[in-house]
Number of protein chains: 2
Amino acid sequence: MSKAFVQVTLKRSILDPQGSAVEKALRQMDYPVEAVRVGKYMEVTLRDGLDRAEREAALEEICRRVLSNPVIEEYTFSWEE
Amino acid sequence: MSKAFVQVTLKRSILDPQGSAVEKALRQMDYPVEAVRVGKYMEVTLRDGLDRAEREAALEEICRRVLSNPVIEEYTFSWEE
């Protein structure tokens, strides 16, 4: 089994009201915060028996088609060692 | 400015219905998925002028008190290089 860590974030140009709200709350609590952006995090475990290329291709497609909205979001992933 | 990447996930023992729903959807679409867990991801940028220990302490407290619910969640963070 191979496990991947996926991060989905709003593109830089897209306003992030959730992040702004967290940022404002943290500042009101006197934390030394400059900016906060909020995104999604997913751990995806793939079936055994896939080679490296198949795994990459499957996850790439899952991220693009299901886990993110490419119009406003971007994603990155890494594999568990 | 120092930027941190924070991941907040449900503890292993806590059911993750959102992850299960994503997992089921991906399987129905014939993706070779074994398991999915869904969490939160945040990018937190701290103010300038903090030393390493202060940054660590501030972020640790922010994660524990604000960004996660320690009863059911755990968090990890790393700093931007």
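Reply:

In chain A, strands β1(A) and β2(A) pair in the antiparallel sense, with 7 bridges between them. Two strands are said to pair when DSSP finds at least two bridges between them. Strands (E, at least two residues) and helices (H or I, at least four residues) are DSSP runs, numbered from the N terminus.

This is a predicted model, in which local features need pLDDT of at least 70 and side-chain atom pairs count only at pLDDT 80 or more, while totals for chains, interfaces and linings use all residues. Residues are numbered from 1 along each chain as its sequence is written, chains are lettered from A and ligands numbered from 1 in the order in which they are written, and side-chain values use heavy atoms, with hydrogens and water left out.

One bridge between the two strands of chain A involves A:Gln7, whose partner in β2(A) is A:Tyr41. A:Gln7 itself belongs to strand β1 of chain A, residues 2–10. A:Gln7 has a relative accessible area of 14% and is buried. Here buried means under 20% relative accessible area, exposed means over 50%, and partly exposed covers what lies in between (1.4 Å probe, protein chains only). Apart from its neighbours within four places in sequence, A:Gln7 is in contact with residues of both chains, among them A:Tyr41, A:Thr76, B:Gln7 and B:Tyr41. Contact means heavy atoms within 4.5 Å.

Strand β2(A) is largely enclosed by the rest of the structure, because 11 of its 14 residues are buried. In a regular strand, side chains alternate between the two faces of the sheet.

Strand β2 of chain A (residues 33–46) also runs antiparallel to β2(B), and 13 bridges join them. A:Gly39 has B:Tyr41 as its bridge partner in β2(B). A:Val44 stands opposite B:Val36, and A:Thr45 stands opposite B:Ala35.

A:Thr45, which lies in strand β2 of chain A, has a relative accessibility of 11% and counts as buried. Beyond four places in sequence, A:Thr45 is in contact with A:Met1, A:Ser2 and A:Lys3 in its own chain, and with B:Val33, B:Glu34 and B:Ala35 in the other.

Now take the strands of chain B. In β2(B), 11 of the 14 residues are buried, so this strand is largely enclosed by the rest of the structure. β2(B) pairs with β1(B) in the antiparallel sense over 7 bridges, one of them between B:Glu43 of β2(B) and B:Phe5. For β1(B), 8 of the 9 residues are buried, so the rest of the structure largely encloses this strand. β1(B) also pairs with strand β3 of chain B (residues 73–79), again antiparallel and over 7 bridges; there B:Gln7 has B:Thr76 as its bridge partner in β3(B).

In all, 32 residues of chain B are in contact with 32 residues of chain A. The area buried between chain B and chain A is about 2800 Å², with carbon and sulfur atoms giving 65%. Buried area is the accessible area (1.4 Å probe) that two parts lose on being put together, summed over both. Of the area that chain B buries against chain A, 23% comes from B:Tyr31, B:Pro32 and B:Tyr41, more than from any other three residues.

One joins A:Glu43 to B:Arg12, with the closest N and O atoms 2.9 Å apart. Chain B and chain A also have 16 residue pairs in polar contact, both residues at pLDDT 80 or more. A polar contact is a pair of N or O atoms within 3.5 Å; within protein, one must be able to donate a hydrogen and the other to accept it, and residues adjacent in sequence count only if both atoms are side-chain atoms.

On the side of chain B that touches chain A, β1 (2–10), α1 (17–28), β2 (33–46) and α2 (52–67) each supply at least two residues. β2(B) gives the most, with 14 residues.

Methods
A salt bridge is a side-chain nitrogen of Lys or Arg within 4 Å of a carboxyl oxygen of Asp or Glu.
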